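Here is a short briefing to read alongside the model. Have the viewer open and follow the topics one by one.

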Amino acid sequence: FPSHDKQSKKSRTLGASLLLLKKQGAKGPLSLQRIIEALSNQGRHLLMVFLSLPFCLPIPFPGLSIPFGLLIAFIAVRMALGRHVWLPRAILSKKVSSKTIQKVCGKGIVLLHGMNRWIHPRLRWACQFARIRTVDSLTFFFLGIFLALPLPVPLSNIVAGWSILLIGLGIIENDGLLILFGYCLFFIACAALMLLSLFFIQVLF
């Protein structure tokens with residue numbers, strides 16, 4: 001394992017971006033366009049990691065599931081088509097409150113700092129598989145839709161959020177073990193959705 005002072009460069013980059021957003025958010029609400037511009041230059045996977053953070057933290061963020069979930073799904077479609085991140089102006093103009101930005105960025109910085117010591121390149125074959133554009137795009141699309149659905153399942157958003165976080169960080173850092181853990185959570189989310197669908201089918205019919 002690498003020493004603490006040899007932290008992942010990309011994770012530090014995301015941490016620095018979160019710190020910058022936290023400072024900007026302290027002055028007032030930020031539009032989604034402002035947030036995306038601050039992160040998308042660092043890579044689309046870093047943007048996905050940021051959007052997953054609210055669901056990875058044991059803090060409720062009311063009203064974020066549907067917009068952030070749909071945002072993740074929409075960006076995943078753009079990724080699958082090999083196009084740059086683009087969103088309608090009506091969505092980009094939406095504001096995120098200063099309080100929410102402070103919480104997400106503050107807790108996200110602590111979370112990434114704690115994870116840095118465990119992140120390092122390994123299991124390259126898993127990284128190569130996850131980098132297939134259709135694989136990671138379809139995975140993020142499904143998880144984004146999963147987050148946007150108002151499912152009556154405890155901790156369902158945490159499972160999906162951590163799946164996006166681990167897969168995204170794993171791809172960025174060439175850490176195949178993180179990717180495998182992320183896909184384990186992905187399959188758990190798939191199983192939960194299938195079981196819930198079967199339950200409702202039985203109830204309705």
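**Helix packing and overall make-up**

Helix α6 (residues 98–115) and helix α9 (residues 156–173) have axes that come within 14 Å and cross at roughly 50°. Axes here are lines fitted to C-alpha atoms, for helices over the stretch in contact, and angles run from 0 to 180 degrees between N-to-C directions. This is a predicted model, where local features need pLDDT of at least 70 and side-chain atom pairs count only at pLDDT 80 or more, while totals for chains, interfaces and linings use all residues. Residues are numbered from 1 along each chain as its sequence is written, and side-chain values use heavy atoms, with hydrogens and water left out.

**The α6 and α9 pair**
- α6 and α9 are therefore oblique to each other (under 35 degrees counts as roughly parallel, over 145 as roughly antiparallel, 65 to 115 as roughly perpendicular and the rest as oblique).
- Their crossing is right-handed (the near helix is turned clockwise from the far one by less than a right angle).
- On the α6 side, Leu111, Leu112 and Met115 meet Trp162, Leu165, Leu166 and Leu169 of α9, a contact being heavy atoms within 4.5 Å.
- The residues of this contact are seven nonpolar, no polar and no charged (Ala, Val, Leu, Ile, Met, Phe, Trp, Tyr, Cys and Pro count as nonpolar, Asp, Glu, Lys and Arg as charged, and the others, Gly among them, as polar).

**The α3 and α4 pair**
- Helix α3 (residues 44–56) packs on helix α4 (residues 65–80) at about 160°, with the axes 10 Å apart.
- α3 and α4 are therefore roughly antiparallel.
- The contact includes Leu47, Met48 and Leu51 of α3, and Phe68, Leu71 and Ile72 of α4.
- By class, the residues of the α3 contact with α4 are eleven nonpolar, two polar and two charged.

**The whole protein**
- The protein has ten helices and two strands, which are DSSP runs (helices H or I, at least four residues; strands E, at least two) numbered from the N terminus.
- Buried residues (under 20% relative accessible area, 1.4 Å probe, protein chains only) make up 45% of the 205 residues.

**Two backbone spots to check**
- Leu123 has a phi near 50°, a positive value in a residue other than glycine, and lies in the loop between α6 and α7 (124–130).
- Asn174 is not a glycine either, yet its phi is positive at about 60°; its place is in the loop between α9 and α10 (176–204).

Methods:
Buried means under 20% relative accessible area, exposed over 50%, partly exposed in between (1.4 Å probe, protein chains only).
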